[in-house]
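Open the model in your viewer and keep the sequence panel beside it. Each stop on this tour gives you something to select, then tells you what is there.

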Amino acid sequence: MSKSRSNAVPFRNKSITESSTMADLCTSGASTVFVGRERVAARLSEALNGALTGRITPVMLVGEAEIGKTRTAKEFAYSAGARGIRTLWGVCYEGERTPPYGPLVAALRGYIRASQPGELKMQMKSAATGLGEILPGLKELFPNLATPVNLPTFDARLRLFDNMMEFFSAVSREHGLVLVPDNLQWADASSLQFLEHLVAEMGQSRILVLATYREEELCRRHPLGRTLGELVKHPAFQRIRLTGLGLREVGRYLEQTLGGPPKTELVEKVHRRTTGNPLFLVEIVRGIREHEEWERRVPAGIQEAVDKLGTGKLIRYSILGAEHALNHFAPEEALKIIDKALEIMTAQSGRSANDDSMTAALYHVRGRALDAIGDPVASESLIKAFRLYDELGDKAHAIEAALTSVQSRASIGSFKIWLWNGLGLPSLQKRALAVATPGSSEAGWLLCQEVTAANLQKALAIAKATGDEKLETWVLGRWDDG
Ligand SMILES: Nc1ncnc2c1ncn2[C@@H]1O[C@H](COP(=O)(O)OP(=O)(O)O)[C@@H](O)[C@H]1O
Ligand SMILES: [Mg+2]
């Protein structure tokens with residue numbers, strides 16, 4: 001071990017159990033719009049203040065998938081960080097692959113990465129020997145780290161628990177500590193046991209345990225049930241449930257992301273369509289923004305104009321009209337326009353190359369409209385569009401169509417249904433991958449078309465490298481199927 005390395009930050013290799021670093025927490029908190037949750041924030045602050053007086057406080061932040069548990073916890077950790085309070089953030093992932101102490105190891109690694117080696121040494125002291133068992137990279141920081149004596153499993157576990165508590169105690173005494181096990185419904189048994197132990201044994205410490213979990217995943221025999229049974233006994237225990245954002249919050253989100261006060265009608269429509277689910281909200285706004293430039297240029301009354309035009313123009317305007325309808329959350333309207341145009345196209349004979357590009361565009365919009373309605377045959381149109389674009393050498397549009405197809409089926413979770421072979425998806429994937437830039441986020445999405453362990457692994461690496469959180473979440477959600 002060279003001495004010059006002792007100041008280097010260890011753990012550079014990313015792995016599936018990697019947690020967000022403090023820096024990640026800070027940037028994600030600071031850079032994108034976050035609305036509402038004031039009451040939750042107030043309750044969390046109160047819980048943290050209670051914890052800081054020297055009373056460990058377990059708080060569970062619960063709710064359905066994508067309702068904002070992680071984000072709310074991040075925003076909170078970010079504001080706590082601004083007060084000098086430290087965060088240990090450990091994500092649990094779905095499936096058997098969560099290794100023992102996975103989230104704790106991830107949390108410790110994140111913490112170590114964000115810390116000054118000198119301070120870390122002070123905080124770890126003798127605990128480092130034991131922690132070295134689950135954090136092999138610690139040796140880089142502590143070159144003289146002794147190899148722990150072999151103990152029977154039970155004793156080794158207790159020693160590890162003691163060492164972790166010693167470290168948490170040192171950090172929390174000085175700064176206060178927020179410990180966030182994210183997605184606790186997927187935690188491994190060892191981490192759950194440690195959590196119970198921590199809350200029971202460290203009553204006087206300045207720690208807020210802020211765990212998140214999806215309630216709907218719990219069943220009677222779920223291992224988390226037992227842990228919750230222990231945690232609720234704690235006098236400071238709290239459960240905070242997140243529900244959909246209200247009309248006002250949706251309005252504020254639209255205002256801040258679209259850069260101006262939105263019409264009441266739009267706010268109501270978006271609120272209705274998303275049921276206040278923030279992920280849907282984020283996605284809808286992304287769609288609106290991508291097309292707002294175009295929207296500014298499109299004249300009203302497109303439908304009327306269409307009737308007065310010749311075929312070529314008619315098709316082109318139908319495409320514009322359908323896109324316009326799509327962007328105003330009227331996919332049924334878009335479908336009507338497109339199907340009429342397709343009828344006219346089919347009635348025509350002797351298509352030129354130019355017609356092919358229009359046919360591709362028609363199928364593309366049709367697929368998007370069907371996707372917006374949630375109809376699984378969306379893929380059929382999108383694949384037609386992909387093939388035509390591909391033949392025409394229109395790489396950008398080909399990838400766009402293939403991706404909409406992938407993401408459409410990702411959202412309705414129908415990867416394994418008859419569509420797969422019936423629609424020639426394997427060959428689509430192969431061809432689309434050849435067109436996409438290797439290592440790009442598009443390539444990642446295309447890869448996980450076929451859910452195999454190897455493809456998921458590659459897609460995950462791409463998601464992390466490109467920062468595509470949506471892809472990462474999706475891959476991790478499928479981890480079990482691979
Ligand atoms: N209050 C909010 N304001 C703006 N965006 C939000 C809000 N809550 C969540 N989001 C966004 O919605 C998406 C889903 O939230 P997330 O916290 O990942 O859900 P969960 O952890 O409950 O599954 C993320 O992109 C997140 O940034
Ligand atoms: Mg989450």
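## Start with confidence

Colour the chain by pLDDT. This is a predicted model, and the protein chain averages a pLDDT of 79. A score of at least 70 is reached by 79% of the residues. Now select residues 1-31, where the pLDDT is below 50. Beyond near neighbours in sequence, this stretch has 56 contacts in the model. Next, select residues 349-353. Here too pLDDT stays under 50, and the model has one contact beyond four places in sequence for this stretch. Where pLDDT is low, the predicted coordinates should not be read in detail.

## The whole chain

Switch to a cartoon view. The protein chain has 24 helices and five strands. Of its 482 residues, 39% are buried. Consider the contacts between residues at least 6 apart in sequence: 70% of them join residues at least 24 apart.

In what order do the five strands of the open sheet lie? The order is 2-3-4-1-5, and the pairing is parallel. Strand 2 (86-91) and strand 5 (238-241) stand at the edges. Each has a single partner strand, so one side of each has no neighbour in the sheet. From one strand to the next, the twist averages 15°.

Zoom in on strand 2 and strand 3 (residues 177-182). These two run parallel and are joined by six bridges. Pick Arg 86: its bridge partner in strand 3 is Leu 177. Strands of a sheet pair through backbone hydrogen bonds, either parallel or antiparallel.

What does helix 8 lie across? It lies across strand 2, strand 3 and strand 4 (207-213). Its direction is at about 130° to strand 3.

## Around the ligand

## Thr 257

Move to helix 11 (residues 247-258) and pick Thr 257, which is found there. Thr 257 counts as partly exposed because it has 18 C-beta neighbours inside 10 Å. Leaving out residues up to four places away in sequence, Thr 257 touches Val 33 and Val 285. Then try the distance tool on Thr 257 and Ile 288. They are 31 residues apart in sequence and 9.9 Å apart in space, C-alpha to C-alpha.

Most residues other than glycine have a negative phi. The last two stops have positive values.

Select Tyr 101, in the loop between strand 2 and helix 4 (102-114). Its phi is near 60°, a positive value in a residue other than glycine. Is Tyr 101 buried or exposed? Tyr 101 counts as buried, because it has 24 C-beta neighbours inside 10 Å.

Finish at Lys 125, in the loop between helix 5 (117-124) and helix 6 (127-131). Lys 125 has a phi near 40°, again positive in a residue other than glycine. This residue is exposed, with 12 other C-beta atoms within 10 Å.

Key
Residues are numbered from 1 along each chain as its sequence is written. Chains are lettered from A and ligands numbered from 1 in the order in which they are written. This is a predicted model: local features need pLDDT of at least 70, side-chain atom pairs count only at pLDDT 80 or more; totals for chains, interfaces and linings use all residues. Two strands pair if DSSP finds at least two bridges between them. Helices (H or I, at least four residues) and strands (E, at least two) are DSSP runs, numbered from the N terminus. Axes are lines fitted to C-alpha atoms, for helices over the stretch in contact, and angles run from 0 to 180 degrees between N-to-C directions. Two residues are in contact if their C-beta atoms, placed from the backbone, lie within 7 Å. A residue is buried if 20 or more other C-beta atoms lie within 10 Å of its own, exposed if 12 or fewer, and partly exposed in between; C-beta atoms are placed from the backbone. pLDDT is the predictor's confidence in each residue, from 0 to 100.
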